Amino acid sequence: MMASTLLSDSQEVIGKLWSDAQSPERARILGLARDAIHFVFATGQRYQFSDFREALSFDAHPAATVGSRPAGSASLEERMDEAAGFFTKLRDEANSSEEKKRLQVFLDAFHFIALTGQPSAFGEYLEHVEAGAPPYAIASFDTREEAEAWLGNHPNPPDFANVLIANGYHDVFHDRETNVRRLLRNRSLEYYLAELAQEEPPVAAASFTSLEEAEAWLTAQPEPARWAWVSIAGEPYLAVHHPNIGHRALYPLSMAKGYELPPDSPQGSA
């Protein structure tokens, strides 16, 4: 199944299960399932996930448990167990084989995360999502040459993931059959900034007279927020922290000019 198809199918399933009158518990379960799928693709693991699913027959897949609980991640593991039980029940009660297959994807995502030892990474991704942070990135490079060398030497390129090149967002593209590898500029940050400015109009947490002064301040912060508005020479900037890759950046809001969404457009960043 193509990545875009699996993602769209999963979103459709969650949309059909979602209800304005649902309990907070059900909303948390459905949100966790949605985020599990997004985590797999945001971290560039679509090929690994596909291989994992193909290695097991439908009947061999675990049901309502996602495995042992590593130290420090019991709470998330318990949430994943609860969600796995919820989707196992839905799958077993489904009327068609197609519906069962679509529900199985969420179970497979939970099992994939647990059995590949990634609960901690998934927990960090959930913190990123809950903070409303900029699009998730898995690596940062100062130059395109550095990024291309990394991609060319990577044993399993993280297809479908974002990387930063000179703070610009790029898609990693990898066709496993042909081994074609590319880095494609995208504008997810620009759309994110435009949306954020509409939802959270800039109110500066700190003000600076120059970019150098702001960069020194951001570098000196022991545990900066994942994002915060600042003012540099009177202009709004977004100070960003990517803790998963140890990267910090300052983005001018002016980057978002021309990328504003109409008021009635669906919103949400990757």
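Modeller: Start with a strand pair. β7 and strand β8 (residues 247-252) pair in the antiparallel sense over six bridges. Two strands pair if DSSP finds at least two bridges between them. The names follow DSSP runs: helices are H or I with at least four residues, strands are E with at least two, and both are numbered from the N terminus.

Colleague: What kind of model is this, and how are residues numbered?

Modeller: This is a predicted model, with residues numbered from 1 along each chain as its sequence is written. Local features need pLDDT of at least 70, side-chain atom pairs count only at pLDDT 80 or more, totals for chains, interfaces and linings use all residues, and side-chain values use heavy atoms, with hydrogens and water left out.

Colleague: Back to the strands. Which residue stands opposite R248 of β8?

Modeller: H241 does. Now look at the hairpin of β7 and β8, with four residues between the strands. There, G246 takes a positive phi near 60 degrees.

Colleague: Which strand does β6 join, and by how many bridges?

Modeller: Strand β6 (residues 227-232) is joined to β7 by six bridges, and the two run antiparallel. Find S231: its bridge partner in β7 is P236. The hairpin of β6 and β7 has two residues between the strands, and A233 takes a positive phi near 55 degrees in it.

Colleague: How many residues of β7 are buried?

Modeller: First the general idea. In a regular strand the side chains alternate between the two faces of the sheet. Buried means under 20% relative accessible area, exposed means over 50%, and partly exposed lies in between (1.4 Å probe, protein chains only). Now the case. Strand β7 (residues 235-242) is mostly covered, with six of its eight residues buried. For the protein, 43% of the 270 residues count as buried.

Colleague: Which residues other than glycine have a positive phi?

Modeller: Take two loop residues. F160 has a positive phi of about 85 degrees, although it is not a glycine. F160 lies in the loop between α7 (144-153) and β2 (162-165). Its relative accessible area is 39%, so F160 is partly exposed. N167 has a positive phi near 70 degrees and is not a glycine either. N167 sits in the loop between β2 and β3 (168-175). Its relative accessibility is 26%, so N167 counts as partly exposed.

Colleague: Now the helices. At what angle do α3 and α5 pack?

Modeller: Axes are lines fitted to C-alpha atoms, for helices over the stretch in contact, and angles run from 0 to 180 degrees between N-to-C directions. Helix α3 (residues 46-54) and helix α5 (residues 97-115) pack at about 110 degrees, with axes 10 Å apart. Therefore α3 is roughly perpendicular to α5. The cut-offs are these: under 35 degrees is roughly parallel, over 145 roughly antiparallel, 65 to 115 roughly perpendicular, and the rest oblique.

Colleague: Which residues make that contact?

Modeller: Contact means heavy atoms within 4.5 Å. From α3 come Q48, F49, F52 and R53. From α5 come K101, V105, D108, A109, H111, F112 and L115. They divide into six nonpolar, two polar and three charged. Here Ala, Val, Leu, Ile, Met, Phe, Trp, Tyr, Cys and Pro count as nonpolar, Asp, Glu, Lys and Arg as charged, and the others, Gly among them, as polar.

Colleague: How is a pair of aromatic rings described?

Modeller: By the distance of the centres and the angle of the planes. Rings of Phe, Tyr and Trp (its six-membered ring) pair if their centres lie within 6.5 Å; planes under 30 degrees apart are stacked, over 60 edge-to-face, and the rest tilted. The structure holds eleven such pairs. One is F49 with F112: edge-to-face, 5.5 Å centre to centre, 65 degrees between the planes. F49 in helix α3 and F112 in helix α5 are 63 residues apart, so the pair links distant parts of the chain. Both F49 and F112 are buried. F52 and F112 also form an edge-to-face pair, at 5.4 Å centre to centre and 70 degrees between the planes. F52 is buried too.
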